[in-house]
2 protein chains.
Amino acid sequence: MAIIVHKYGGTSVGTPEKIKQVARRVKGVRDKGNEVVVIVSAMGHTTDELIDLMHQVTSDSDPREYDMLVSTGEQVSAALLAMALQDIGCPAVSLTGGQAGVVTEDIYKKARIKDVKLDRIKGGLKEGKVVVITGFQGVDSKGDIITIGRGGSDTSAVAIAAALKAEVCDIYTDVDGVYTTDPRIVPTARKLKYISYEEMLELASLGAQVLHPRSVECASIYNMVIHLRSSLKEDEGTYIMSPERIEESLDSSSTELGVARDKEAAKMEKKEAVRGIALDENIAKIGILKVPDKPGIAAKIFGALAAHKINVDMIVQSIHSAGTQADMAFTVDRPDLKKAFEVAKKVAKELDAVDVVSDADVSKVSLVGIGMVSQPGTASRMFEALAAEKINIQMISTSEIKISCVIKAEQGKKAVQILHKAFGLEKVA
Amino acid sequence: MAIIVHKYGGTSVGTPEKIKQVARRVKGVRDKGNEVVVIVSAMGHTTDELIDLMHQVTSDSDPREYDMLVSTGEQVSAALLAMALQDIGCPAVSLTGGQAGVVTEDIYKKARIKDVKLDRIKGGLKEGKVVVITGFQGVDSKGDIITIGRGGSDTSAVAIAAALKAEVCDIYTDVDGVYTTDPRIVPTARKLKYISYEEMLELASLGAQVLHPRSVECASIYNMVIHLRSSLKEDEGTYIMSPERIEESLDSSSTELGVARDKEAAKMEKKEAVRGIALDENIAKIGILKVPDKPGIAAKIFGALAAHKINVDMIVQSIHSAGTQADMAFTVDRPDLKKAFEVAKKVAKELDAVDVVSDADVSKVSLVGIGMVSQPGTASRMFEALAAEKINIQMISTSEIKISCVIKAEQGKKAVQILHKAFGLEKVA
């Protein structure tokens, strides 16, 4: 008997009717002789409504009480799903994170899961029940309720699936998989049949918000296959797994993991160096100009920003013409721009920099793909494609599996379209 | 340092603004140097809304999942109150019933509290915090969430106050105390300064819905003084305690328990045999006529009703004229009438009774007072007062501290007014 782990997001359990749909799907999987564990998020906008209530009683909420408050959302949807399952003749039991044995660090609001003690989950399965578990939460060593950060239900699902040694963790959401880029920007964007953890992580942190990055990280640690799919369709979505398993899966003649893929198409896909294109329109750029170049200036600048809890993304340091001065440019999340600019000005003064400039009118376009490591021509192809359309590149940053360019905000969508075509990522007609 | 226990009902924490009001009151009590524990109900109609969601996914809910679902209501209000306290500079921590050490029987939906393990509550108080606890719930031996029946937050408060050996348990609600009768029926109804557990229990089970009867029972077991009062005023409400403590309190020259009572008025009050008048308009009457009189007929009738989970209240058996037949009359809750009538007809047939009649058009008016035991004239005064106004009595039932009469429904309110006057329960002008 296989253990199947499903996770349903807030939209998928947003109304009683949708909860009943989920129940029917889950029952179908169980009726095929599987043991099923389901992780649920809070219904629709419940979490936001709770936070709204919170803002009406306090301006500065205590993290412990925050967790106590918002964790109720998942408890409601878990109990309702268990009831909906029972209502259609499928034995079920709901468990809070704590009851399910999800033990976290003693850090409120953003703990990591330390352990999943399986006694109660296994007990429930042994009794023939579907076990429904609240996502996004566990308990710490004191028995306090701890949430693991927003979007953390994905991570809960992966951790529980890994502890149960499930073959795959099905994450149901309102999109039907990972695309080569945002289909709203490029209508011919293609759904990927598989993608590696690293690529998914890059795409997620570059703005493709289909999966919480921590869940991908957690999956890569435990080598857990994530199947990201739509709760509205029966179709397969995108499998997220290690490059080795992708290889195996492609080489094997069987349809492993239930992946009834077109093998030839998949093999072709494998050859593509670029797997996806992401656009991040939520960034801003700051430049500290003509800093007297001496050891420690980067540490000083980024130390000060970190002390103000400002996340810095791309960093480009260039030697200025004279050779004794450097320009330091970096990007931050756009909402942080004002604060970051103030910090930068203060540090610039201490460092005797000549000027500080900022620009909120920028976007970041990125190519992602593991294969890029072995195909060194990718970067120049990217730059050429952008240049041919007169898109000026302001900053460049590269990693082994990613190339990002900062360009004018108004050219962002066009750049994605150009690159999607240039790298042949369209749907096969 | 005194330990003060407050309980706030759903109306008192119905909105964020009201939660902030409660926070200010609680802070005021703590600022006077007290250790404060607060038990809260769910906000306003939260529980009903959750039950409504439940009905949308299932017609027959599992008690375990029901408890899992509805217990979230108190968790939300407890967390919000803790946040509101912190927001005005009052350290606070919220605890679920389970975290607070409230251990119940392993019975979903209506367990009794078995124990309160005080470690975490005392720990919170030791850290100088107000401890806010979810009412209405605890955990069983498996760690499952268990609710203790609707209105159970009062019982939670009393049990926790008793475990903490608090002097008094302040129950804040939307009425300001216990009245001699419903002020909507008798505008001159007087607020009682004190009432015994037994009297309160009778009044509560007779329809005066200010306090959950189980909380009174629990208080009487632990001899815990309940102070029932309004969350909108600073005034004192009604103290519910043992007759012995009422005596002591009256005899003592000090203002014990903070009872700044007018001693003479209270002494006068003490002499009244009748303490309150209750009207129950939710009853119906069934009569099984001319049952051949032999041992075991009552057991058969009421056994059958109990098997169908029908609560029977008053029972009157009268020997019929012939001497070999008996009439058996009893009252049930009005919504149970149809079912009860069917059961009665079936049993009547088995017992060879001549007829079964029912009447939904009745009400029950009751006098309550411990002093009635020693004043045997009370019953006849009651009957005379009703007769003088041409109110016919259909059934009579007496106990040591109560006399109940079943009368025509349309005469119920008038009967209360007549009796309130006849026994001199009006406000002193």
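**Two copies, one shared surface**

Of the interface residues of chain B, 100% are also interface residues in chain A, so the copies meet through the same surface; contact here means that the C-beta atoms of two residues, placed from the backbone, lie within 7 Å. The model is a predicted one, in which local features need pLDDT of at least 70 and side-chain atom pairs count only at pLDDT 80 or more, while totals for chains, interfaces and linings use all residues. Residues are numbered from 1 along each chain as its sequence is written, with chains lettered from A and ligands numbered from 1 in the order in which they are written.

Across the interface, 28 residues of chain B are in contact with 28 residues of chain A. On the chain B side, the elements giving two or more residues are helix H1 (16–31), helix H2 (46–57) and helix H3 (63–87), and H3(B) gives the most, with 13 residues. Helices (H or I, at least four residues) and strands (E, at least two) are DSSP runs, numbered from the N terminus. Sorted by class, this side of chain B has 14 nonpolar, 10 polar and 4 charged residues. Nonpolar covers Ala, Val, Leu, Ile, Met, Phe, Trp, Tyr, Cys and Pro, charged covers Asp, Glu, Lys and Arg, and the others, Gly among them, count as polar.

As for symmetry, chain B can be laid on chain A with an RMSD of 0.1 Å by a turn of 179° and a shift of 0.0 Å along the axis. The two copies are thus related as by a two-fold rotation axis. In chain B, Thr72(B) has the C-alpha nearest that axis, 2.7 Å away. The superposition is by least squares on the C-alpha atoms of residues with pLDDT of at least 70 in both copies.

Buried residues (20 or more other C-beta atoms within 10 Å of their own; exposed, 12 or fewer; partly exposed, in between; C-beta atoms placed from the backbone) make up 49% of the 429 residues in chain A. Among contacts in chain A between residues at least 6 apart in sequence, 73% join residues at least 24 apart.

Lys191(B) sits between strand S9 (168–173) and strand S10 (194–196) and is partly exposed, with 16 other C-beta atoms within 10 Å. Leaving aside residues up to four places away in sequence, Lys191(B) touches Asp176(B), Gly177(B), Tyr179(B) and Thr238(B).
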